[in-house]
Amino acid sequence: MVHYVGRVAADGQLFDSTLGDELYRDGGKGKLRPVLITLGGGPVPGICTGLQQGIEGMRVGGRRTFSVPPALGFGAATALGPYGIVPGGSEVRYEVQLLRLSRRGPDALMAGISQCGAGFANERTSGCADIEPAEFL
């Protein structure tokens, strides 16, 4: 489980964030929404390969900033993020905090924070601000 902020490297334009402190492209208020990312698995919708690879090796509670080249990011196509647009062929930069790590699966990650979850129409944000870093091995 991570928090991240994604920006276009060339100009710093925000295109995605799990911190919820900005306005979405449609003008709505962003929501605090940490995200679950499976490492070593296949593609995750909305999560580029470079972000998955950049998280590998992090320690729980750790922070990391890294750049992702277009080949591991969003490629040659323009990508629409919730907060902005990534022009085709752009390098992107992520600031990441690893909140929780589990080898036991997503249920362990959600221990004590079951009211926090993504889901658009079923979005739940209660408890998202209170997540303590934890590791479940």
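These legends go with a few close-up views of a predicted model. Residues are numbered from 1 along each chain as its sequence is written, and side-chain values use heavy atoms, with hydrogens and water left out. Since this is a predicted model, local features need pLDDT of at least 70 and side-chain atom pairs count only at pLDDT 80 or more, while totals for chains, interfaces and linings use all residues.

**View 1. Strand S1, tucked in.** S1 covers residues 2-8; strands here are DSSP runs of E, at least two residues long, numbered from the N terminus. Six of its seven residues are buried, so the rest of the structure largely encloses S1. Buried means under 20% relative accessible area, with a 1.4 Å probe and protein chains only.

**View 2. S1 and its strand partners.** Two strands pair if DSSP finds at least two bridges between them. S1 runs antiparallel to S6 (residues 92-98), with seven bridges joining them, and His3 has Gln97 as its bridge partner in S6. With S2 (residues 14-17), S1 pairs in the antiparallel sense over three bridges; here Arg7 stands opposite Leu14.

**View 3. The S1–S2 hairpin.** Five residues sit between the two strands, and Gly12 takes a positive phi near 75°.

**View 4. Around Asp16.** Asp16 belongs to strand S2, and its 8% relative accessibility makes it count as buried. Its side chain makes a polar contact of 2.7 Å with the side chain of Arg33 (a pair of N or O atoms within 3.5 Å, one able to donate a hydrogen and the other to accept it). Beyond neighbours within four places in sequence, Asp16 has contacts (heavy atoms within 4.5 Å) that include Tyr4, Val5, Gly6, Pro82 and Tyr83.

Definitions and conventions:
Buried means under 20% relative accessible area, exposed over 50%, partly exposed in between (1.4 Å probe, protein chains only). Helices (H or I, at least four residues) and strands (E, at least two) are DSSP runs, numbered from the N terminus.
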